[in-house]
Amino acid sequence: MNFASDHSQLSSSIPDAFGGPVGAPVGVFGTAQAHPLLNGLNEPQKQAVCLPAEHGLILAGAGSGKTRVLTTRIAWLMQTGQVSPQGILAVTFTNKAAREMLTRLSAMVPINVRSLWVGTFHGLCHRLLRTHWRAARLPETFQILDTGDQQAAIKRLIKAMGVDEERFPPRDMMHYINALKEQGIRSGQAEAHDAHTRRKVEIYAEYEAQCQREGAVDFAELLLRAYELLQQDEALRTHYQQRFRHILVDEFQDTNPLQYAWLQLLCGPQTVIFAVGDDDQSIYAFRGADVANMRAFERNYAKGNVIRLEQNYRSHGNILTAANALITNNADRLGKNLWTDAGEGELIRVFQGVSDLDEARYIVDEIRELTREGLPRHQMALLYRSNAQSRVLEHALFQAGIAYRVYGGLRFFERMEVKHALAYLRLIANQDDDTAFLRVVNFPTRGIGARSLEALQLEARQLNSSLYNAAASLTGKAGTAVGQFIRMIEGLRTETTGLSLPEVIDHLLDRSGLRQHYQAEKDGQDRLENLEELVNAAATFADDPEAAHNIDRDTGEATSLLADFLAHAALEAGEHQAGDQDEAVQLMTVHSAKGLEFSAVFIVGLEQGLFPHENAMMARDGLEEERRLMYVAITRARQRLYLCHAQTRMLHGQTRYCLPSSFLDELPEALLQRINTVPAWSAGSYSTGWSEAPAVDMTTRVSARAAGAAESAGGFHVGQNVVHTKFGAGVILAAEGRGEEARVQVRFGQAGTKWLALAYAKLEAV
Ligand SMILES: Nc1ncnc2c1ncn2[C@@H]1O[C@H](COP(=O)(O)OP(=O)(O)OP(=O)(O)O)[C@@H](O)[C@H]1O
Ligand SMILES: [Mg+2]
């Protein structure tokens, strides 16, 4: 099938978009049920895989096989000749999930799965826009702005408009713009009833114009543009409606209204939508996801075809019972039962440490123990609520020599030096990209100062052109310096013509001076290695351009590899990091753990204010969303689950005294094994009901360590009277740690109760 970018050619090619008969297969519950692909599935799962060609919804809890059913259904539809690979559109939640799905599919059906449209909403919309850039009113070389770029672009705009950054912080403006885009609202349609909002709408309008001028597309724009493209272009819409006979959506509970509307647009009279989801795992309401979509879908599409899967194949009984007990505290659920025949398994270990450092030490000890027991490292995951929590854990793992991998932290492509190199690459591809221009015009330093840039920006505004094009009109000293930069980019463009992608990058690293810059820098070694890694990444990408799954390979049209690679860099969510190792412990936020599973899971930082997060308390139904997040976290575990919390934690430069998460109280006590390193005298003074420690070996081991530490907390003891140079007289309530880490909690007469690090605090015994 020729799937060209010009839709005028499309209609003639539609008939061969799908092969084989369309419609319900003969004997769905007869021969189909005996199909080899269905081996090992339970009855409701088989029924779901073989659902006749009607819309359907699988509503089922965690680990019940939703993703497996969805993947098997794709294979089954193709193998039974109901649809050709081109007729499938499958939406996954992450690029990693898309890759996994393709790997599984290629093992199930003997076809080249590369041509399948399987990806995230963002990835699929990007593919659509790349193919139909002209119809979408975009330049062929349009660039994707990641979140950092977007914020920088808004900041630049706010400055150019002379708007007060304090009153309209770029970050807030970014959230405002994205929220509107996610509801499908353009600046022209945005409502404003007061002066402040009117100004925000103006900024939004200017931002839209700036992006259009520069050929820049942010993440929210990818979705909105693709939606508008289909909505406004009837021929194109009809083509895709006829092409995609089967649309399959995983994690349906987390679609936002725009994504749902996009799916509806693609759904023609003959299209069948198959959605799977779990309302209890809806965790993106803060980003506009709406579980109401699931109800609407059930009402308007799935009607009678709602299948529930109730057997969980992932977790042992105790883990599942704990998850079920927790989630029953939420009101307004669609209601599901989950059971397992895997047996109860082990108790859930609940660890209480004196501090975050203690928590990290315990985790390291346990990882070593699990390793001794033969569990591969990549089967262990540390899940936390906020990215900031990873630092202490990373430090402890690093010190212990345990390989680890952080997902969703600073992605490879977001590292400063990599972004610099990519900015040169972007300028080679598209000279109107002002964000890239500003990033590197004076990096490495070329004596182009803020003044010159202001003059250039003014010139560009007057000419209504990009900075690159305005440079020629710039006179004086500023003109000379910027002119040299422009000549360098022009030189790069001619010199790199005909080179392969890795060669282009290799060349620009030298020509731009980036390589020399980091060679000369004292701590530049890491950065240099990352730049070399970028060349490697480009080589891998060039060998296997479909790896990104964003680009339409069946158009037959030569798409620019450079543009593809830049899109890949912007869309790749750090799932393909450099130094990818199988033998690494996996670290990630609970949000990014969605859909995944691990043999052993540590949920860390289970403290009030952290998990549930304090910000959530402000939002409507915030606690319920946090509870769903906790449900997701617990249900990632197959065999062993650790729930960890600490009495004190350093966060954002402050030591906080923490109470255990209220979620811990929602778990049946009989399922838990308490492990406590807080000395009795200390735990007693906070009476959280945690002091009784079960007599297991581990408890004895860690408690002994903590007790030893407490006795020698810098020579101070609980109950001692002390005086502090600033806070005055007080009494010690608790003590912990030794040496550099020794800390005491003091109740001062006037200043209240504080934790103080003895290495720094000027404290004296009286
Ligand atoms: N019938 C079955 N027999 C054996 N294992 C199964 C069966 N169905 C699913 N599984 C396994 O159970 C695990 C969970 O399946 P899957 O990831 O598809 O669940 P899910 O419902 O998508 O979970 P989540 O809600 O967390 O995304 C996987 O390891 C899967 O291979
Ligand atoms: Mg799943």
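This is a predicted model: local features need pLDDT of at least 70, side-chain atom pairs count only at pLDDT 80 or more; totals for chains, interfaces and linings use all residues.
The protein is divided into five parts: domain 1 (38–134 + 223–311), domain 2 (143–214), domain 3 (348–403 + 577–674), domain 4 (413–573) and domain 5 (715–765). Domain 2 and domain 4 have C-alpha centres 25 Å apart. Contact between the two involves 12 residues of domain 2 and 15 residues of domain 4. On the side of domain 2 that touches domain 4, two or more residues come from each of strand S4 (143–145), helix H6 (147–160) and helix H8 (195–214). H6 gives the most to this side of domain 2, with 6 residues. The residues on the side of domain 2 that touches domain 4 divide into 5 nonpolar, 5 charged and 2 polar.

Two packed helices are described by the angle between their axes and the distance between the axes. For helix H7 (residues 170–182) and H8, the packing angle is about 75° and the axes are 10 Å apart. Angles of 65 to 115 degrees count as roughly perpendicular, and H7 and H8 are therefore roughly perpendicular to each other. From H7, the contact is made by Met173, Tyr176, Ile177 and Leu180, and from H8 by Lys200, Ile203, Tyr204 and Tyr207. The contact of H7 with H8 has 7 nonpolar residues, 1 charged residue and no polar residues.

An open sheet of 6 strands is present, in the order S3-S2-S6-S7-S1-S8 and with parallel pairing. Strand S3 (117–119) and strand S8 (306–309) are the edge strands, each pairing on one side only. On average, neighbouring strands of this sheet are turned by 10° against each other, direction ignored. His246 stands opposite Val272 in S7.

Most residues other than glycine have a negative phi, and most peptide bonds are trans. A cis peptide bond joins Phe443 to Pro444, with omega of about -10°. Pro444 is located in the loop between helix H17 (434–440) and helix H18 (450–463). The peptide bond from Phe611 to Pro612 is also cis, and its omega is near 10°. The loop that holds Pro612 lies between strand S13 (598–603) and helix H25 (614–618). Arg137, a residue other than glycine, has a positive phi, near 60°. Arg137 belongs to the loop between helix H5 (121–131) and S4.

Notes:
Residues are numbered from 1 along each chain as its sequence is written. Chains are lettered from A and ligands numbered from 1 in the order in which they are written. Two strands pair if DSSP finds at least two bridges between them. Helices (H or I, at least four residues) and strands (E, at least two) are DSSP runs, numbered from the N terminus. Axes are lines fitted to C-alpha atoms, for helices over the stretch in contact, and angles run from 0 to 180 degrees between N-to-C directions. Domain bounds come from an automatic or database domain assignment. Two residues are in contact if their C-beta atoms, placed from the backbone, lie within 7 Å. Ala, Val, Leu, Ile, Met, Phe, Trp, Tyr, Cys and Pro count as nonpolar, Asp, Glu, Lys and Arg as charged, and the others, Gly among them, as polar. Angles under 35 degrees count as roughly parallel, over 145 as roughly antiparallel, 65 to 115 as roughly perpendicular and the rest as oblique.
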